[in-house]
Amino acid sequence: MLPQSFVALDVETTGLDSDKDEIIDIALVRFEDGNVSATLDFLVKPQKKISSFVRYLTGIAQGDLDDAKLFKEIAPQILEFINSKPLVAHNVAFDSKIFTLALNRNGFKSNEFIFWDSLAIAQAAWTFESHKLVSLIKQLNIEVAASHRALPDAEACGKVFLLGLAELEKSSDSVKENLKKMAARTAYESLF
């Protein structure tokens, strides 16, 4: 069940509307054989000023973003780093949409990425009360430098994904068979 290689992705944004908000912090963490093998992290200069709530939540100051590069300047490095590997994000619907929209808006192909959701894997693996990333970090004793910053969240997301798959691997044969059926003809087919 465990993939040999994937890239965990996390973004911090100016807000929660993927159609109009922008990425201000993006990190990618490459996992090879269950271990972190490389990281890539950028602050990104948005077109608009960030709110005081976003500053409070992320700890990112407007001045840090004023000196950052534009997304179109870092996109080639990001695409090279991904190098056709599957992407994992926590609540993948948001991160994948805002990431691919940012690529498209800046003239880059959003390719045919394979996206896996560490949230869905966690929900299948554990009956915890909360499956928010910050909760899972505590419940699974994952060490992180900070939360609501892209790099530590991306690394934690990748670890949650691997721990969840390892937990599912312990399931009965009938559960594994059901997972295989549910994953048929989806991005998860190669996992199950």
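Modeller: Start where H3 stops. Asn83 follows H3 and has a positive phi, near 45°. This is a predicted model: local features need pLDDT of at least 70, side-chain atom pairs count only at pLDDT 80 or more, and totals for chains, interfaces and linings use all residues. Residues are numbered from 1 along each chain as its sequence is written, and side-chain values use heavy atoms, leaving out hydrogens and water.

Biologist: Why is H3 called a helix, and what span should its residues have?

Modeller: Helices are DSSP runs of H or I with at least four residues; strands are runs of E with at least two, and both are numbered from the N terminus. H3 has 12 residues, 71-82. The expected span is 1.5 Å times one less than the number of residues. That gives 16 Å, and the end C-alpha atoms of H3 are 16 Å apart, so the two agree.

Biologist: Which residues of H3 are called buried?

Modeller: Buried means under 20% relative accessible area; over 50% is exposed, and partly exposed lies in between (1.4 Å probe, protein chains only). In H3, Phe71, Ile74, Ala75, Ile78, Phe81 and Ile82 are buried. They span an arc of only 130° around the axis, which means they lie on the same side of H3. The arc is taken from the directions that run from the helix axis to the C-beta atoms. An α-helix has 3.6 residues a turn, so residues three or four places apart point the same way.

Biologist: What covers the buried residues of H3?

Modeller: Strands S1 (5-13), S2 (23-32), S3 (35-43) and S4 (87-89) are among the cover, as is helix H4 (92-105). Contact here means heavy atoms within 4.5 Å.

Biologist: How do you know that S1 and S2 pair?

Modeller: Two strands pair if DSSP finds at least two bridges between them. S1 and S2 have nine bridges and run antiparallel, so they meet that definition. Arg30 in S2 is the bridge partner of Val7. S2 and S3 are also antiparallel, with eight bridges. Phe42 in S3 partners Ile26. Their hairpin has two residues between the strands, and Asp33 takes a positive phi near 50° there. S2 is mostly covered, with nine of its 10 residues buried.

Biologist: What is the order of the strands in the open sheet?

Modeller: The order is S3-S2-S1-S4-S5, with mixed pairing. S3 and S5 (115-117) are the edges: each has a single partner strand, so one side of each lacks a neighbour in the sheet. Neighbouring strands are turned by 25° against each other on average, direction ignored. Three bridges join S4 and S5 in the parallel sense. Ala89 stands opposite Asp117 in S5.

Biologist: Which strands does H3 touch as it packs on the sheet?

Modeller: H3 touches S1, S2, S3 and S4, and its direction makes about 15° with that of S2. H4 also packs on the sheet, touching S1, S2, S4 and S5, at about 80° to the direction of S1. Axes are lines fitted to C-alpha atoms, for helices over the stretch in contact; angles run from 0 to 180 degrees between N-to-C directions.

Biologist: What makes the protein chain as compact as a globular protein of its length?

Modeller: The chain has eight helices and five strands. Its radius of gyration is 17 Å, close to the 16 Å from the globule rule for 192 residues, so the label holds. The radius is taken over C-alpha atoms, and the rule is 2.2 Å times the number of residues to the power 0.38. Buried residues make up 47% of the 192.
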